[in-house]
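Thanks for sending this one over. Here are my notes, point by point, to read alongside the model.

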Amino acid sequence: MAVRRLGIISMALALAAAVPAAAQEHEHAGMAGEKLGTVHFATSCSADAQPQFDRAVALMHSFEFGPAIEAYSAAATVDPGCAMAHWGIAISRWGNPFVADQRPAPQLQQGLEAIGRAKQAGAKTERERGYIAAAERLYAGYDKTSQRDRVVAYEHAMADLSSKYPEDREASIFYALSLAASALPSDKTYANQLKAGAILEKIFIEEPDHPGITHYIIHSYDVPPLAPRAVTAARRYATIAPSAPHALHMPSHTFTRVGSWQESIDTNIASAAAARRDHSVAEELHATDYQMYAYLQTAQDTAARRILDSLPEISSRFDPNAVGSAAPGSAGIFALAAIPARYALERQAWAEAAKLQPTASAFPYAEAMTYFARALGASHVKDLETARSAIAALQQIRDRLTQANEAYWAEQVEIERRGAAAWTALAEGRNTEALAIMRSAAELEDGTEKNAVTPGPIAPARELLGEMLLQMHEPALALKEFQATLTKEPNRFRAVYGAAHAAALAGDRATAKTYYDQLLKTCVHADQPGRPELAEARNPPSGP
């Protein structure tokens, strides 16, 4: 198995080396052999500063924000009048635009200071002044104007800029990014994402080696109904910019959405190694979380255990305040909480889950995942005191997030709180109430989307509803919930198995066989003999 993974990674790197000659002609100033893709952003900066500026933009398009800031600073040193270098620093200071967290005041102040330096340097063209004015929308009045309003204002400013300079492909690319980043998770028309994708796909034909285009196509289509549209970009991006750890990770967003687990494992192995090389620990943790998720969906539990055991060493190198790759400190903290919770819940190791210990941080939604896993585990082993305590903690975290204007994360924690409360009610014998609460959690989750920080929910609400219906001896109803889960989370182990088992209990042998076969195909690299669910799939029950 390890040989196969190394072969795939080597193939990706070989493909990257074989990009067209035109791309090689535009290799950016930096480390020898560095490959970040092909970017040329025309500016009025000096000829000596332009190569550093182009390299900085290439890094920024792959969300390598720390290195991008260094490269922009180098361009400004070479040419103190290069106002756009300070624009680039301001955009880089904003960080990953898909992070749902409210930006803290010190970070916003840094961005404003960069805007101030850009103005002071004096942009030499109206177009450059337009870029700087647009970036200022992200920061100006942050103490009075909501983050949502500022993000939308930036999107509108980039729409105007791209319309005014239709020949400027970078303006169109950044406009598409702003559209995807400002999309509301509650908008199920996916209007912004579709508009962004259409812009990017057109430019992709003209600039096939541009890192931002493939990157932002993946983000634009990072929702269940649209994910198949991103497969080509996902398989291309890592070959365009293999020197960027995030470029190696990002394809796994699409691979996760379409249930292509081994591709996700392979690309995240490469990403985590590159992030370790570059001392980008948050990115390493982020890639490791996605890798863990994929291992668990394929029942490669021994490999998953090795990841769990590696966390203390990775954590010892982790500085949550470092500015590095796409993954901010919050993503590292998220991964440190998510990985142990996933390892316990995906294996239904309820006693392990009940013993998980939360770690307080500045990002309480990460802590909430541990309480959620504790509550589910405790309810299954009938430790009701622990379950109730975890539910109370979830409610407190939800309230704190609401008060901090973290509406997205407050809703995510509320979904977890309801799921935990439902299973505790079931453990207490309040079946009707348990089912009603679990249905409400599923409906709430249906109305939103997962954030880019995570490959998926710690336990999807509809999947939990299906498992609850199985316990209530309603296999036909359970089957529908597992099937609904699979429309959003294809090839999820627990949902595929749940559908097979429910169909078998309902006497639908043909459907059961279809799902049992799917499970075995998904788990072709699983541990042997492996999980009991796989033994059942090999020898299905003969009837209800």
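1. A cut-off to start with: a residue counts as buried when its relative accessible area is under 20%. Cys82 comes in at 1%, so Cys82 is buried. Bear in mind that this is a predicted model.

2. Cys82 has a partner: its sulfur sits 2.0 Å from that of Cys45, and the two form a disulfide. The structure holds one disulfide. The link is right-handed, with 70° about the S-S bond.

3. What about the burial of the other cysteines? Cys45 has a relative accessible area of 10%, so Cys45 is buried too. Cys523 is at 5%, and therefore also counts as buried.

4. On secondary structure, the protein has 28 helices and zero strands.

5. For overall shape, a compact globule of 544 residues would have a radius of gyration near 24 Å, and the protein agrees because its value is 24 Å. Along the principal axes, the C-alpha atoms fill a box of roughly 75 × 50 × 45 Å. Of the 544 residues, 60% are buried. Take the contacts between residues at least 6 apart in sequence: 65% of them join residues at least 24 apart.

6. Last, the surface and charges. The protein carries 52 positive and 62 negative charges, whose mean positions are 3 Å apart.

Technical notes. Residues numbered from 1 in each chain as written. Predicted model: local features only at pLDDT ≥ 70, side-chain atom pairs only at ≥ 80, totals over all residues. Heavy atoms only, no water. Helix = DSSP H or I, 4+ residues; strand = E, 2+ residues; numbered from the N terminus. Rg over C-alpha atoms; globule rule 2.2 N^0.38 Å. Buried < 20%, exposed > 50% of the residue type's maximum accessible area, 1.4 Å probe, protein only. Contact = heavy atoms within 4.5 Å. Lys, Arg positive; Asp, Glu negative; His and termini not counted. Charge placed at Lys NZ, Arg CZ, Asp CG, Glu CD. Disulfide = S-S within 2.5 Å.
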